[in-house]
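Dear colleague,

I am passing on to you the structure that we spoke about, with the sequence and the model placed together below. Please open it before you read on, so that you can follow each point by eye.

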Amino acid sequence: MLVNAKEMLDKAKAGNYAVGQFNINNLEWTKSILLTAEAEKAPVILGVSEGAGKYMTGFDTVAAMVKAMDKSLGITVPVALHLDHGTYDGAKKCIEAGFTSIMFDGSSLPIEENIAKTKELVALAHEHGMSIEAEVGAIGGEEDGVIGMGECADPEECKKIADLGVDFLAAGIGNIHGVYPANWKGLQFDVLANVQKLTGSLPLVLHGGTGIPDDQIKKAISLGVSKINVNTECQLVFAAATRKYIEEGKDQQGKGFDPRKLLAPGAQAICDKVKEKIELFGSNGKA
């Protein structure tokens, strides 16, 4: 069932586990994530970047697909449809399209501009019964053209954004999008602890979940992280499974180049990866 993300993340914060956000790029990814969350009895967040939304012909199409699929598959666990790293204009479009949650990423703006736009979008989102995520301290790496240098968030700035009434907050703590380099220094837990101290019960978000060691993931959850985003790992396993299927020549059997058969191994790889992450985050059985 489609809901906003506030209640599921408040429960995660209180229960010391995290809800996974898995980004969707097409029908196969969406179906795989929904079916796995249902099987694991885990709440789940479907993330949609602006680039992915454009690829799927627009936010209206995405919202219609997710709502119809949620109903036709008989999904009973809580599902949030969430804009990932949204611009000011993108956030407004997702509100109009019927998303249940949005993220406004104003981390690249001067803090006062970030505050002003976040405040406006908080009021608008809550008016429509939606949850809203904000960000302080740009997440490193690149995702769909959104580039960050990996700055650590200022805890005092995090408090200013938290006080606007956002439902969860992404704070940069040395995490990056994409594959982590060999010389990555790891998460800055002192920053996370200070942010947690100043923002209290507000659920915190860890972007760039791909490649972070399991022990660091678990420590981040213990320090208030209640939502963890995973995208690159799903891309990698989907591509690898599809490539293997083609290289083995299996796509030429039966009906030939049947896209339903061609994409099936990748879809199963997504299921396996989502199950692995749900278990790591501790959200299985929490729906």
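This is a predicted model: local features need pLDDT of at least 70, side-chain atom pairs count only at pLDDT 80 or more; totals for chains, interfaces and linings use all residues.

I would begin with strand β1, which spans residues 19-23 and is mostly covered, since five of its five residues are buried. In a regular strand the side chains alternate between the two faces of the sheet. In β1 both of these faces are covered, with V19, Q21 and N23 buried on one side and G20 and F22 buried on the other.

Which strands pair with β1? One is strand β10, residues 225-230, which runs in the parallel sense to β1 over four bridges, and here F22 stands opposite V230. Another is strand β2, residues 44-49, which is also parallel to β1 and is joined to it over three bridges, with I45 as the bridge partner of Q21. Between them, β1, helix α2 (residues 27-40) and β2 form a β-α-β unit that is right-handed.

The other element I looked at is helix α5, residues 88-97, in which the buried residues are Y88, G90, A91, C94, I95 and A97. These buried residues are covered by several elements, among them the helices α3 (50-55), α4 (59-72) and α6 (111-127), together with the strands β3 (79-84) and β4 (101-104). Just after α5 you will find G98, which takes a positive phi of about 95°.

With best wishes

Technical notes. Residues are numbered from 1 along each chain as its sequence is written. Side-chain values use heavy atoms; hydrogens and water are left out. Buried means under 20% relative accessible area, exposed over 50%, partly exposed in between (1.4 Å probe, protein chains only). Helices (H or I, at least four residues) and strands (E, at least two) are DSSP runs, numbered from the N terminus. Two strands pair if DSSP finds at least two bridges between them. A crossover is right-handed if, with the strands pointing away from the viewer, the path from the first strand over the helix to the second runs clockwise. Contact means heavy atoms within 4.5 Å.
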